[in-house]
Amino acid sequence: MASSSRGRESDERPHVLAVDDSLVDRRLIEKLFTSSACKVTTAENGQRALEVLGLGDGQHASNCVSEINLIITDYCMPGMTGYELLKKVKESSRLREIPVVIVSSENVPTRIKECLEEGAQEFMLKPLNQSDVMKLRCYMMKLSHPSKGQLCIGR
C-alpha cells in the first residue's frame, strides 16, 4: 500500500514498512505514520515483509528496499515471529542498517531483552500512539539524512 506518487516531495518522506497480522493494528500504524508525513507499506506477515524487502524465496532485490527507512513489526505473528523477521533483516548485508522496531501487546522482559540483543532499535508496547511515532522519526531521519546528526531518545 505504498504511495504511488513519485514527486520530489514524496521521495524525501521517510518510508516505513509496517508488519502485523492484525488488520486493525496495521491500519493504526499506517494512520499514525502517514499523519507524521511518512510513506507506509504494509505487510500482513513476516514472509510478505521479506518479499517486500527482496528476501523472499527466489527473489531479487526490490526497488522498494533502498527507500525503506524503518521496519516496525509485531512480535507475535503466525508463521514467522517479529523476532525471526528481525534476525533475517540483521543477517542481510543489504538490510542490516535499517532500524527495526518490535511491538507487542505483552510486556515480557526476556522477550524484550532478546530482541534488543538481536539488534532491534526499540521494543514498544501496543497500542502505539503519536508520541511513539515522534520518538521513532529520529531513527528514520538519521538513516535518510545521516549528516543531520539528530539524537534519538531511548536506548
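These exercises work through parts of a predicted model.

**Exercise 1. The annotated aspartate**

Task: Find which residue UniProt marks as "modified residue: 4-aspartylphosphate", state whether Asp74 is buried or exposed, and list what Asp74 touches.

Solution: 
1. The UniProt record, an unreviewed entry, places this feature at Asp74.
2. Asp74 lies in strand S3, which covers residues 68-74.
3. The cut-off for buried is under 20% relative accessible area. Asp74 has 5% relative accessibility, so Asp74 counts as buried.
4. Setting aside residues up to four places away in sequence, Asp74 touches Val19, Asp20, Asp21, Gly82, Val103, Ser104 and Lys126.

**Exercise 2. Thr73**

Task: Determine in which strand Thr73 is found, whether Thr73 is buried or exposed, and which residues Thr73 touches.

Solution: 
1. Thr73 belongs to strand S3.
2. Its relative accessibility is 0%, and therefore Thr73 counts as buried.
3. Beyond four places in sequence, Thr73 touches Val19, Gly82, Leu85, Val100, Val101, Ile102 and Val103.

**Exercise 3. The nonpolar cores**

Task: For the largest nonpolar core, name the residues that touch the most other members and the elements that give two or more residues to this core. Then identify members of the second core.

Solution: 
1. The largest nonpolar core has 24 residues, of which Leu17, Val19, Ile71, Ile102 and Cys115 touch the most other members.
2. Two or more residues each come from strand S1 (15-19), helix H3 (46-52), S3, helix H4 (82-91), strand S4 (100-104) and helix H5 (109-118).
3. H4 provides the largest share of this core, four residues.
4. Take Ile71 as a case: not counting residues up to four places away in sequence, Ile71 touches Leu17, Val19, Leu53, Val89, Ile98, Pro99, Val100 and Val101.

**Exercise 4. Arg111**

Task: Locate Arg111, explain why Arg111 counts as buried, and find its side-chain polar partner.

Solution: 
1. Arg111 is part of helix H5.
2. Arg111 counts as buried because its relative accessibility is 16%, and the cut-off is under 20%.
3. Apart from neighbours within four places in sequence, Arg111 is in contact with Tyr75, Ser104, Glu106 and Phe123.
4. With Glu106, the contact includes a polar one between the two side chains, at 3.0 Å.
5. Phe123 is 12 residues from Arg111 in sequence, with a C-alpha to C-alpha separation of 9.3 Å.

Terms used: Residues are numbered from 1 along each chain as its sequence is written. This is a predicted model: local features need pLDDT of at least 70, side-chain atom pairs count only at pLDDT 80 or more; totals for chains, interfaces and linings use all residues. Side-chain values use heavy atoms; hydrogens and water are left out. UniProt positions are given in the numbering used here, feature names are shortened, and annotations may be inferred rather than shown by experiment. Buried means under 20% relative accessible area, exposed over 50%, partly exposed in between (1.4 Å probe, protein chains only). Contact means heavy atoms within 4.5 Å. A nonpolar core is a set of buried Ala, Val, Leu, Ile, Met, Phe, Trp, Tyr and Cys residues joined through side-chain atoms within 4.5 Å. A polar contact is a pair of N or O atoms within 3.5 Å; within protein, one must be able to donate a hydrogen and the other to accept it, and residues adjacent in sequence count only if both atoms are side-chain atoms.
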